[in-house]
Amino acid sequence: MRSTITILFTFLLTQINGQDSTFFQFDQIHFNQIDSVEINKKSKEIFVNYSISVSADYFPNAASFDLAQPRVFDRSPMRDFIACQINYYFTKSDSIVRLISYTWDTKNSATSLEDLMKPKNDQSDKMDKYNSEYDLLAKELTKQLGAPVEGTGQIEKKQEKGYPDWFERKLLWTKGKTTIELFMIWTDGGGRLGTYKIRTLVYWNN
């Protein structure tokens with residue numbers, strides 16, 4: 001009876017939080033294990049007809065690996081937010097996953113200027129919503145990983161000549177050989193062509 005109550009309580013807690021404790025994949029996996037992870041989440045695989053690569057400022061050890069075209073999945077929205085797109089980057093030689101990115105961005109499915117100009121891509125009046133979602137993700141990751149080892153998570157305004165001003169929030173955790181980054185980028189006054197996204201990166205440098 002006690003075990004039944006415990007299971008029921010865990011289920012209810014998951015529904016309240018809108019996300020279970022296994023949303024993120026912290027253990028390094030092989031290409032052949034990707035399907036089992038995403039099938040359990042009822043995700044939909046996306047097949048793109050363009051090349052996707054990563055840079056060193058996105059994945060610090062990118063130059064050390066010959067990465068294949070990633071596998072891409074859409075996972076249904078959690079809570080009252082937008083869907084998450086998940087990219088699995090793996091090395092061509094051994095098919096070991098080196099980087100997983102989780103991105104909340106209305107432009108994930110855009111393939112043309114027409115797509116970018118759709119009304120849904122003007123998220124400029126939803127900064128409070130994005131900040132709230134970031135706070136919830138930070139809280140969930142801290143619960144699973146402990147206190148972050150870098151970053152404050154506070155909003156910082158960034159300026160660079162030739163670009164519109166933008167805001168950032170960043171946190172970083174480590175778990176053994178795994179590095180986890182959570183960040184938000186928000187363009188100031190960007191309209192439909194602005195950048196409004198939250199992203200979590202999980203990666204392994206060996």
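Tyr-88, Tyr-102, Trp-104 and Ile-198 touch the most other members of the largest nonpolar core, a group of 35 residues. Here a nonpolar core is a set of buried Ala, Val, Leu, Ile, Met, Phe, Trp, Tyr and Cys residues joined through side-chain atoms within 4.5 Å. Among the elements giving two or more residues to this core are strand 3, strand 4 (97–104) and helix 4 (127–145), and helix 4 gives the most, with six residues. Helices (H or I, at least four residues) and strands (E, at least two) are DSSP runs, numbered from the N terminus. A second, separate core has 14 residues, including Tyr-58 and Phe-65.

This is a predicted model, so to speak of local features takes pLDDT of at least 70, and side-chain atom pairs count only at pLDDT 80 or more, while totals for chains, interfaces and linings use all residues. Residues are numbered from 1 along each chain as its sequence is written, and side-chain values use heavy atoms, with hydrogens and water left out.

Now for two residues and how covered they are. Buried means under 20% relative accessible area, exposed over 50%, and partly exposed in between (1.4 Å probe, protein chains only).

| Residue | Relative accessible area | Class |
|---|---|---|
| Gln-85 | 12% | buried |
| Leu-193 | 53% | exposed |

Gln-85 is in strand 3 (residues 84–90). Leaving aside neighbours within four places in sequence, Gln-85 is in contact (heavy atoms within 4.5 Å) with residues including Val-72, Asp-74 and Tyr-102. Leu-193, for its part, is in the loop between strand 7 and strand 8.
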